[in-house]
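My notes follow in the order I checked things.

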Amino acid sequence: MNGGRVLKVDFDYLALKLMKTYLNTILILSVLAFISFSGGQGGEPDSKSLKIQSKDSIAVNSWKITIPPTDEPGEPLHISGVVYSPDGKTPLDHTKIYVYHTDAFGYYKNEGDTVKHRLSNTLFTNEQGQYEIRTIRPGPYPKSNIPSHVHFIVFSDRYGKQHFELLFEGDPLISERMKQQSESEKSPYRIRQLLVKKDGILRCHFDIVLRNSGN
Ligand SMILES: [Fe+2]
């Protein structure tokens, strides 16, 4: 009988030992999985994964975009509107637009920048054809009489690539000739009002009606 009792104690000991080993294995695997998920080198994702995240966010939901970094000098400006087909009534959903403009001092990039347009971003209109842009008011080109403007390059599957330049009503640099040209559908110029709300943010409503063919 004594031998049987000793055997039972051994089974209990073995069961405890196995349980400890099992728990230790689970703990080690969890730690390894965490290190792998967080990049393995101090927890920071590398630039490649950041790039992928950025692309994904653009492709999935980007009808609202912000262009400048938070510390960008300049007056805050919000631009919003709807992209329409040439009938002026049918909203165009999921339409890609590349938007770019100068900084508050009229420059597209800083010295040494490799990018062509430092203040730029891409959006896709939502189901209702809407878009919203948070940015700063661009400055006119230095030593030039060209009014400040925002470039919109629309990429439509049906109507091709179309270029528009948003100018702001009341800008003294807008010539009479430009005003006349802006009335033509073929011209890239579109002049729109800038409104200042109580919050001090400049707002501009800019609906984009595409032409029948690209330019
Ligand atoms: Fe320009």
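**A loop residue, then the core**

I began with T102, which sits in the loop between strand 3 and strand 4. I am working from a predicted model.

Is T102 buried or exposed? I counted 25 C-beta neighbours inside 10 Å, so T102 is buried; the cut-off is 20 or more.

Next I looked up its partners. Leaving out residues up to four places away in sequence, T102 touches Y107, Y108, P138, G139 and Y141.

Then I stepped back to the whole chain. I found three helices and 11 strands. The order along the sequence is α-α-β-β-β-β-β-β-β-α-β-β-β-β. Of the 215 residues, 16% count as buried. I also checked contact range: among contacts between residues at least 6 apart in sequence, 69% join residues at least 24 apart.

Which residues touch the most other members of the largest nonpolar core? I noted I97, V99, Y131, F152, V154 and I208, out of 24 residues in that core. At least two core residues come from each of strand 2 (76–84), strand 3 (96–101), strand 4 (119–124), strand 5 (130–136), strand 6 (149–156) and strand 7 (160–168). Strand 7 contributes the most, four residues.

I finished on F152. Setting aside neighbours within four places in sequence, I list its contacts as I97, V99, F164, L166 and I208.

Notes: Residues are numbered from 1 along each chain as its sequence is written. This is a predicted model: local features need pLDDT of at least 70, side-chain atom pairs count only at pLDDT 80 or more; totals for chains, interfaces and linings use all residues. A nonpolar core is a set of buried Ala, Val, Leu, Ile, Met, Phe, Trp, Tyr and Cys residues joined through C-beta atoms within 7 Å. A residue is buried if 20 or more other C-beta atoms lie within 10 Å of its own, exposed if 12 or fewer, and partly exposed in between; C-beta atoms are placed from the backbone. Two residues are in contact if their C-beta atoms, placed from the backbone, lie within 7 Å.
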